[in-house]
Each structure stands twice: as structure tokens, then as C-alpha cells.
Amino acid sequence: MADAPRIGGRQRPKDAATLILTRGTSGSTEVLMGRRAPGHVFMASKWVFPGGRIERADYSAASATDLPAQDAARLAREGNARRARALALTAVRETFEETGLMLAEPAPIASVAGAWREFRAVGALPDLAALSYVARAITPPGRTRRFDARFFMADAKALLRPEPTAGSGELDEIAWMPLADARALDLPAITRFVLGEVAERLIQPGRPLPFVRMIRGTHHVEHQD
């Protein structure tokens, strides 16, 4: 997984969340991927899942539903229930910002300040019950950016909008890809790893959750119940 350049120095990983949207049957599953614009410092021109860093507003944003109890408990063990919910909301918000897709239920239009303003202005509330927590990974030390990233999955059937739009421009191309074809793209190593996890989870949804991190210079994958 050594595909990001080392720059030296110490950075504390920032909390982040990613959403892997799938559609179709287990035999012909497609996954939503986006290519990062070439000007980015981190993972430029790589194909990735929508996602990004947690924002302060994610700790207090409203939602239509709650995370499934098992997923909420897993996340809470890594911190607390408030941060667990905020990470789930981050995945939904970042996906909307980058692709225009809304994992949400219809709701009255609301005027709110901050990162959720555009989402609520459409007339929707996040559907956290549609999420499944599937992986965690911490960027190795010495990279240009470091994240403690949580990966969520959701079926596209839960989307309020079925097709992606241009989004914020952070991704210069957005497309539904057959799962097998997605592995042939120019991917970060962790994205390739999580794609494999997605394929396995479509067959065995209750798999232990992988936690990927570097310990004393070596990558470790710890599977957690």
C-alpha cells in the first residue's frame, strides 16, 4: 500500500469518511467512482470513492434516520456515539458535495448555516439507516495528507437522486463502474483493497471489519467484530 509519496514530518490523522455506493445484483454490481482532479496535492488523478474530512457541522446536523445499531456500536467503540454519528453524516454530505447524489429521505426545505446549507435547501434529510460500516484505514505516516478514514457502503436504491451531477469539481469525472472493471483503474492501494472488501461483503455481509494501518513500518490488517 506504499503508493503515496513520503514527505517527512509528523501529522496527526484527521477524521474522514467515505461512501461506497453500489447498484445492481451480486453478479453484475456497479460501484460509483470518481477521478480526482490532476491539480490535487493528495492522490491527484486517482480514481476514488466520494468522501472527505469531517466538519464541525456534522456533529449537529439533523437526519431522517439513525445508523443501524450494530454499526453505531462499532464506530462508538473507536471514540464515542457523537463522533460515530458525525462520521456517518460526513460520508453522506461529502458524497452530495462531490457528486450531487443524496442518500436521503424527502423533508421540508430548511435554511441552515454551514456545510449542510445546500443539502437542506433541496428538501432532504440524510438516511443514515441505509449505511453499513465496512472498513477503517489510517494513512501511513509521512504522507502529504493523513486521514483516519471510515468507509461506508450503501445501495443506490436509497438515493433520492439516481444519477450523479458535476458536484463540486473536486472529481473531474464521475461514473458507475462494473466492480470487476473498477479494479483495473488507476487506484490508490487502499481503494483497491476496499473494492475487494466490497466484493466479499456482497456475498457475506456480516464479515469482520478490516482496520488497515501501519505499525513500526509495516502495514497491518486487523479484522474486528
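**Figure 1. Tyr-133 and Phe-152, two buried aromatic residues.** In this predicted model, Tyr-133 and Phe-152 are both buried. The structure holds 3 aromatic pairs, and these two residues form one of them. Their ring centres are 5.5 Å apart and their planes meet at 35°, so the pair is classed as tilted. Tyr-133 belongs to strand E7 and Phe-152 to strand E8, so the contact ties together parts that are 19 residues apart in sequence.

**Figure 2. Ala-135 in strand E7.** Ala-135 is a residue of strand E7. Its relative accessibility is 2%, so Ala-135 counts as buried, the cut-off being under 20%. Between the C-alpha atoms of Ala-135 and Phe-152 the separation is 7.2 Å. Along the chain, these two residues are 17 residues apart.

**Figure 3. Lining of the second largest pocket.** At least two lining residues come from each of four elements: helix H1 (69-77), strand E7 (132-138), strand E8 (147-155) and helix H5 (189-203). Sorted by class, the lining comprises 6 nonpolar, 4 polar and 5 charged residues.

**Figure 4. Helix H5 and its buried residues.** Helix H5 contains 15 residues. From its first C-alpha to its last it reaches 22 Å, close to the 21 Å expected at 1.5 Å a residue. Its buried residues are Thr-191, Val-194, Leu-195, Glu-197, Val-198, Ala-199 and Arg-201.

**Figure 5. The aromatic cluster of Phe-96, Trp-116 and Phe-119.** Ring pairs join Phe-96, Trp-116 and Phe-119 into a cluster. Phe-96 is part of helix H2 (residues 81-99) and Phe-119 of helix H3 (residues 117-122). The pair links distant parts of the chain, its members being 23 residues apart. Phe-96 and Phe-119 are each buried.

**Figure 6. Ala-121 in helix H3.** Ala-121 is found in helix H3, the helix that also carries Phe-119. Ala-121 has a relative accessible area of 42% and is partly exposed, whereas Phe-119 is buried. Ala-121 and Pro-108 are separated by 13 residues in sequence. The distance between them in space is 8.7 Å, C-alpha to C-alpha.

**Figure 7. Confidence of the predicted model.** The mean pLDDT of the protein is 88, and 90% of the residues score at least 70. Confidence is highest in strand E6 (residues 124-126), at a mean of 97. It is lowest in strand E11 (residues 218-224), where the mean is 84.

Methods. Residues are numbered from 1 along each chain as its sequence is written. This is a predicted model: local features need pLDDT of at least 70, side-chain atom pairs count only at pLDDT 80 or more; totals for chains, interfaces and linings use all residues. Side-chain values use heavy atoms; hydrogens and water are left out. Ala, Val, Leu, Ile, Met, Phe, Trp, Tyr, Cys and Pro count as nonpolar, Asp, Glu, Lys and Arg as charged, and the others, Gly among them, as polar. The expected span of a helix is 1.5 Å times one less than its number of residues. Buried means under 20% relative accessible area, exposed over 50%, partly exposed in between (1.4 Å probe, protein chains only). pLDDT is the predictor's confidence in each residue, from 0 to 100. Rings of Phe, Tyr and Trp (its six-membered ring) pair if their centres lie within 6.5 Å; planes under 30 degrees apart count as stacked, over 60 as edge-to-face and the rest as tilted.
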